[in-house]
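Please read the following points alongside the model.

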Amino acid sequence: MNTNIKKIEDMSLNAWPSHKMELYDGWILRFSYFYTHRTNSVEQFGTSTLSWREKVSFCENEYSRLGSPAIFKISPLVSPDFDYVLENRGYEIQHTTDVMVTDLSTADLSFPYNKVNFTDDIPDIWIESLFDLKGTVNPIHRAVVPSMYHSIVKDTICASIWDNGKIIATGLGILDRDYIGIYAIHVKEEFRHKGYARQICTGLLTEGQRKGAKNAYLQVVKDNDPARALYTSLGFQYIYTYWFRVQPTLSR
């Protein structure tokens, strides 16, 4: 189990680069002007030689210097004792997320996806449309996040559905080893409940399989029941949960 989790955690790091990163004694500190928790948090990827107390204080100072709370990602690969250390320091749990996987040979890929357009690159108009779908208005985020998407080193499959000359649904597949990771599934509010998210997911999974992927993974926030129902119907199954511990004095 831990081998599969480590593989998916590595692939998710490859899939979503941060604006800036710093390596510190087996930890990676990610900085992205608080765009998302994933891109603005500490992840453990190697062996530590320093004490947790020393390292947590160092991270708190680094994030404070950039005007952000310190955030630590807690996955099954992280010692439960470390999670207790953060809890005792008053760190709050935020963004509890489930990771789901499927074998593409048994996934339900029967749903037609004739409305979906695909590109191998990630066009700027797709990124701008994603901002609009997510309600991203922070000018710093809109300035720096495009470079993060363009920094993805793995092959991508960019999906969109258009209506009257505008993108009204998005999705992104990122190929790594024998997996495709599914990201950025968003549908404009007035176009929901029309099967567009299912079309995009089915299309990405099918295109990923055509390009050599044998499995798929995705991440879904714990209380997003409609998304979970969709992914389960496609054949995805729960594999593990992760969450973020956020420094209390600056949590937002």
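1. Glu60 is located in helix α2, which spans residues 52-65; helices here are DSSP runs of H or I with at least four residues, strands are E runs of at least two, and both are numbered from the N terminus. The model is a predicted one, in which local features need pLDDT of at least 70 and side-chain atom pairs count only at pLDDT 80 or more, while totals for chains, interfaces and linings use all residues. Residues are numbered from 1 along each chain as its sequence is written, and side-chain values use heavy atoms, with hydrogens and water left out.

2. Glu60 has a relative accessible area of 14% and is therefore buried (under 20%, with exposed over 50% and partly exposed in between, for a 1.4 Å probe and protein chains only). Leaving aside residues up to four places away in sequence, Glu60 touches Ala70, Arg89, Tyr91 and Gln247, where contact means heavy atoms within 4.5 Å.

3. With Tyr91, the side chain of Glu60 also makes a side-chain polar contact at 2.6 Å (a pair of N or O atoms within 3.5 Å, one able to donate a hydrogen and the other to accept it within protein, residues adjacent in sequence counting only if both atoms are side-chain atoms).

4. Which residues line the largest cavity? They are Lys6, Glu9, Asp10, Leu13, Glu43, Gln44, Phe45, Lys73, Ser75, Leu77 and Val78, a lining residue having an atom within 4 Å of a point on a 1 Å grid over the protein atoms alone, and a cavity being a set of such points where a 1.4 Å probe fits but cannot get out. Helix α1 gives the most to this lining, with 4 residues.

Key:
On a 1 Å grid over the protein atoms alone, a cavity is a set of points where a 1.4 Å probe fits but cannot get out, and a pocket is an open set with protein on both sides within 12 Å along at least five of seven lines; lining residues have an atom within 4 Å of a point.
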